[in-house]
Amino acid sequence: FRIPIHVSTIASPGYSSKALMLSFLSGLIDNAIAEIVQDTTNSAIAKTVDPESKEEVKRESSLMSLDKSKQDAELQTQLMMTTARACREIEQSKDGLVILNATYWIQGRKESLDVTTQLQFWVKDSCLKLPPTPKSHLLGFYSLVPSGATASPSGNWWKLLTWQGLSNAFRTDRQPQHWPEETVPQLTVRYESKGGVYEITISDNQELILPQSGALFLGRRGEVL
């Protein structure tokens with residue numbers, strides 16, 4: 001199953017908002033499909049008598065889901081590269097916002113995702129803004145937590161496809177989800193803006209706005225490795 005992706009030019013009117021909405025909807029649909037498959041798998045597992053067989057089926061299902069998510073994210077990132085490269089060149093020419101390095105990760109786990117290209121893709125007019133929702137829903141991202149390993153307290157993600165769900169997802173005053181501490185994904189971004197190099201780390205459900213006064217100043221351009 002593939003979600004059609006339209007990669008528009010940076011100069012297109014409403015480019016940023018349209019692309020972000022498309023990314024969010026794409027992620028929601030992917031998650032809805034994954035949960036339906038997971039529910040079907042769990043039903044099949046429940047009918048299995050042997051406990052060892054149940055665990056084996058669960059492990060295989062989680063690995064297959066993770067592999068599929070990785071493949072989709074890699075394809076999406078490839079499609080974003082041309083636009084991200086053009087955006088980077090534009091921002092460099094005007095001393096704007098350049099994403100030097102961005103990593104999506106979970107503390108204590110080897111699994112991580114380089115999202116430098118993905119974040120540069122979202123930069124518009126020397127500004128980057130990501131909503132206070134799980135970043136795994138964005139194009140080029142995937143969930144670092146295997147399917148079924150943990151669940152968000154809000155229930156099935158497909159419920160967000162309702163108008164009320166989408167409205168709540170983009171509210172800035174809503175309460176963040178609370179993941180188990182050991183599985184909270186984080187996003188670390190090192191960026192360049194107006195000759196300075198900065199770094200910031202946010203939790204998965206936090207809003208990201210760059211440049212940001214609260215980011216750690218590492219030094220001037222050319223002074224930081």
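**Close-up views**

**View A. The side chains of Thr188 and Trp105 are joined by a polar contact of 2.8 Å.** A polar contact here is a pair of N or O atoms within 3.5 Å; within protein, one must be able to donate a hydrogen and the other to accept it, and residues adjacent in sequence count only if both atoms are side-chain atoms. You're looking at a predicted model, where local features need pLDDT of at least 70 and side-chain atom pairs count only at pLDDT 80 or more, while totals for chains, interfaces and linings use all residues. Residues are numbered from 1 along each chain as its sequence is written, and side-chain values use heavy atoms, with hydrogens and water left out. Thr188 also has a side-chain polar contact with the side chain of Thr201, again listed at 2.8 Å.

View B. Strands (E, at least two residues) and helices (H or I, at least four) are DSSP runs, numbered from the N terminus. Thr188 has a relative accessible area of 16%, so it counts as buried; buried means under 20%, exposed over 50%, and partly exposed in between (1.4 Å probe, protein chains only). Skip its neighbours within four places in sequence, and its contacts (heavy atoms within 4.5 Å) are Asn101, Ala102, Thr103, Trp105, Glu199, Ile200 and Thr201.

**View C. Five strands line up as an open antiparallel sheet, in the order S2-S1-S4-S5-S7.** S2 (112-114) and S7 (216-220) are the edge strands, each pairing on one side only. From one strand to the next, the twist averages 15°; axes are lines fitted to C-alpha atoms (for helices, over the stretch in contact), and angles run from 0 to 180 degrees between N-to-C directions. Two strands pair if DSSP finds at least two bridges between them. S1 (residues 98-106) has three antiparallel bridges with S2, and Thr103 faces Asp114 in S2.

**View D. S4 (residues 185-193) and S5 (residues 196-203) run antiparallel, held by eight bridges.** Val189 has Ile200 in S5 as its bridge partner. The two strands make a hairpin with two residues between them, and Lys194 in that turn has a positive phi of about 55°. On to the next neighbour: S5 and S7 are also antiparallel, with four bridges, and Glu199 is opposite Leu216 in S7.

View E. Rings of Phe, Tyr and Trp (its six-membered ring) pair if their centres lie within 6.5 Å; planes under 30 degrees apart count as stacked, over 60 as edge-to-face and the rest as tilted. Tyr104 and Phe141 are edge-to-face, at 5.2 Å centre to centre and 75° between the planes. Tyr104 is in strand S1 and Phe141 in the loop between strand S3 (128-130) and helix H4 (163-169), so this pair ties together parts that are 37 residues apart in sequence. Both Tyr104 and Phe141 are buried.

**View F. Ring pairs link Tyr191, Tyr198 and Phe217 into a cluster.** The ring centres of Tyr198 and Phe217 are 5.4 Å apart with planes at 55°, so that pair is tilted. Because Tyr198 lies in strand S5 and Phe217 in strand S7, the pair ties together parts 19 residues apart in sequence. Tyr198 counts as partly exposed at 21% relative accessibility, and so does Phe217 at 43%.
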